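My entries follow the order in which I checked them.

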Amino acid sequence: MQIDTGSARGGHGRVLGELRVFQTLLGAKGGLPDLLIIGIDANCDGLTRARKHIEAIIDSSLFPTVALAVPDPHVERWFLCDPRALRNATDAHIALPRRKCDRDLYKQMLSSALVEAGNVVTLGGAEFAEEIVAEMDFFGAGKAEPSLKIFLDDVRNAMKRWASSGLGGP
């Protein structure tokens, strides 16, 4: 299995523009992925609206198997949705707060909790993503955070389609 990661920074417009370029290049070059995962924060615009922006651009003839990671409103909320995982990975203690639409609220909460626990934070907490996810109870986290559950369901369904297509193994 080969995992390739691309990244675009600079807001929704930039990410969607990079997705268009990526599709054009891949369509001309070939070597299409078995699964395309696209991530973009909902940014208080709403989960449905953010997903529709991405879905409108995706060329399903190039990418029949897609999963959308759309944290609502921001990815840092996903890191907070399993307090046990956060504690086990970083010694940080925080409870998932009520949903609020405030630009940097979850990043500040995560960063503050991490610093209080003695961690050095350089990327607002994102540098601990791998460790937090490794500890995460996805079922419980998905129940606590609906946008995460939707992403996990997308991945699960994409993998089932891939496996049933005969490309997923014997």
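**Cysteines**

I looked for bonded sulfurs and found a disulfide between Cys44 and Cys101, with an S to S distance of 1.7 Å. I note that the model is a predicted one. I counted one disulfide in the structure. A disulfide is a covalent bond between the sulfur atoms of two cysteines.

Where do Cys44 and Cys101 lie in the chain? I placed Cys44 in the loop between strand 1 (36–39) and helix 2 (47–55), and Cys101 in the loop between helix 4 (83–90) and helix 5 (105–116). They are 57 residues apart, and the pair links distant parts of the chain.

I then looked up Cys81, which is in no disulfide. I found that the nearest cysteine sulfur belongs to Cys44 and is 17 Å away.

Next I checked accessibility. Cys44 is partly exposed at 32% relative accessible area, and Cys101 is exposed at 52%. Cys81 is buried, with 4%.

**Glu145**

I found Glu145 in the loop between helix 7 (138–144) and helix 8 (146–164). Is Glu145 buried or exposed? I read a relative accessibility of 0%, so Glu145 counts as buried.

Which side chain does the side chain of Glu145 meet in a polar contact? I noted that of Arg77, at 2.5 Å. Leaving out neighbours within four places in sequence, I listed Asp72, Arg77, Trp78, Cys81 and Arg99 as contacts of Glu145.

Key: Residues numbered from 1 in each chain as written. Predicted model: local features only at pLDDT ≥ 70, side-chain atom pairs only at ≥ 80, totals over all residues. Heavy atoms only, no water. Disulfide = S-S within 2.5 Å. Helix = DSSP H or I, 4+ residues; strand = E, 2+ residues; numbered from the N terminus. Buried < 20%, exposed > 50% of the residue type's maximum accessible area, 1.4 Å probe, protein only. Polar contact = N/O pair within 3.5 Å; in protein donor to acceptor, adjacent residues only side chain to side chain. Contact = heavy atoms within 4.5 Å.
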